[in-house]
Amino acid sequence: MAADTRRESDVSRESDAGRGSTGGGSASEAASHSLGPVPLPAASRFRPLLGLLVPAALVVGWHLVVATGTIAAYQLPTPVRVAETLYGMGASGELWGHVAVTLRRVALGAGLGIAVGTVFGTATGLSRTASDLLDPLLQSLKNIPSLAWVPLFLLWFGIGETAKVLLIAVGAFFPVYLNLSTGIAAVDEELLEVAAVYDLGRVESLRRVVFPAALPSLLVGIRGGVGLAWMFVVAAELIAASQGVGFLLSDGRTLARPDIIVASILLFAFLGNCSDVAVKEVRDRVVGR
Amino acid sequence: MSSGADPVLAVDGLRKRYDDTVALDGVDLAVADGEFVAVVGPSGCGKSTLLRVLSGLEARFEGRVTVDGTDVRAGGNDDVGMVFQEPRLLDWADVRENVAVGLPADVDPASPAARDRVGDLIETVGLDGFADSHPGELSGGMAQRVSLARGLAYDPSVLLLDEPFSALDRLTKADQQDHLLDVWEQRGTTVVLVTHDVEEAVYLADRVVVLAGQPGTVASVVDVDVERPRERADPDLVALRREVTDALGR
């Protein structure tokens, strides 16, 4: 469920962005044509900056409501205070330890989830029997909320790293599995007939036809999986951790330090965004061709 | 030009059913080495089904269908190349790689010999300079020629073509037909072309097989004994066109 909604929102976000930029491009082109030789500054170049406008206004508004006392400072610190806290933790080196631990968990968990998801997705995509055996189970497991797994994983694997990495892997597994499985099963029948007519054989037709055709689906799945890995790492670290950005979050609550809480949330937003952009970049390179 | 003693392609009493529907019933056909045979028929008469059987894509049918004396169901579809109605190219792969899909299984596509062979084929179909292009960058006619080169890469005993020009505009279609004739004359490949275009069938083929009825069966065979190169407006061809059209019951 979570995976699906996330993917949808991603898609709509992308298409919005696409429309925005192409619209801007043609508009500025038309303008420069009608105005003849007078060169207009390329407005489209600054278009991405428009996206910063609303957040900047929000930060100013945030500062104002706290500075004027509309919201008490012990509930919401000023943006400056949050920045100072982040800088302080960065300067003392404390921050990097937490970030590194969280990144490591996400990388290991997402890597494991993607690997297992790829194996299961390939199996169910290729074999009708494997799909009939496994798909109903996996389809129902995917609806279990991330937090529901936490107590069980703690019971099974203790509060060490294993439980956290496995929990994150569970999160990353489903989008990869679902997308790859449907992607492989949906490979054009007509191309499979081409492979059959030219006797490519099982292995060759997988290598040359099926996997390349399903690669875009796999990459969509990986993008969703990495996104879910970040959600699951929060679940893991909020409940049982002595390090990590999620631990900072719960520590901030214990210490009644809203600046630490907000700083941690911003860190998650930043790190999550960076990984999403990175995966999307890889996908565009591979699929864009 | 009619079938010799040892036909490359032989069909005896072919009967093909999909569940309760009989698509083909009692079809006999023999195609000699190097012959160009066109199969025409109204839609729904089982023309495409016939090609699918010949290409080995249909595992279940009654009767005997052999290419070079081997049952098409045995040992894969080794001896036929197939050009589908749509180009059916791998759109992530370049032209070279798409043609290489048609190479026989025992040829390593990365070997220099295979690269030369693929290069020759690309040249044969008139696409020199496009080896590194992707299907998305090609026109419909060019894409269909990549598909033709892929069909030839196998060096097949029989090249099967399933209405390969039906999606092309009139001018491109005429070009592609002449192109196919050039390739056929150059390489001496045996060709079976399925089409619903009577003019195309008579212009291209040595022999036109008319399929008709439901289930489809051979209604008539028209020999096209007209010297090549042919003129499209040749009165003999026009007369034969009428004969084929009459056989179709139109």
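Between chain B and chain A about 1,700 Å² of area is buried, with carbon and sulfur atoms giving 59% of it. Buried area here is the accessible area (1.4 Å probe) that two parts lose on being put together, summed over both. The size of an interface is often given in this way, as the accessible area lost when the parts come together. Before we go on, a word on the ground rules: this is a predicted model, in which local features need pLDDT of at least 70 and side-chain atom pairs count only at pLDDT 80 or more, while totals for chains, interfaces and linings use all residues. Residues are numbered from 1 along each chain as its sequence is written, chains are lettered from A and ligands numbered from 1 in the order in which they are written, and side-chain values use heavy atoms, with hydrogens and water left out.

Let's look at who takes part. Chain B brings 23 residues to the contact and chain A brings 14 residues, where contact means heavy atoms within 4.5 Å. Three salt bridges are counted between chain B and chain A, each being a side-chain nitrogen of Lys or Arg within 4 Å of a carboxyl oxygen of Asp or Glu. You can find one of them where the side chains of A:Glu193 and B:Arg88 meet, at 2.9 Å from N to O.

On the chain B side of this contact, strand 6 (80-83) and helix 4 (140-153) are the elements that give two or more residues. Strand 6 of chain B supplies the largest share, three residues. Helices (H or I, at least four residues) and strands (E, at least two) are DSSP runs, numbered from the N terminus.

Now return to B:Arg88, which sits in the loop between strand 6 and helix 2 (95-100) of chain B. Its backbone is worth a look too: B:Arg88 has a positive phi of about 50° although it is not a glycine. Is B:Arg88 buried or exposed? At 12% relative accessibility, B:Arg88 counts as buried; the cut-offs are under 20% relative accessible area for buried, over 50% for exposed, and partly exposed in between (1.4 Å probe, protein chains only).

Chain A has a positive phi to show as well: A:Ala256, not a glycine, has a value of about 55°. A:Ala256 lies in the loop between helix 10 (245-254) and helix 11 (258-288) of chain A, and is exposed, with a relative accessible area of 62%.

Finally, a cis peptide bond joins B:Arg228 and B:Pro229, with omega about -5°.
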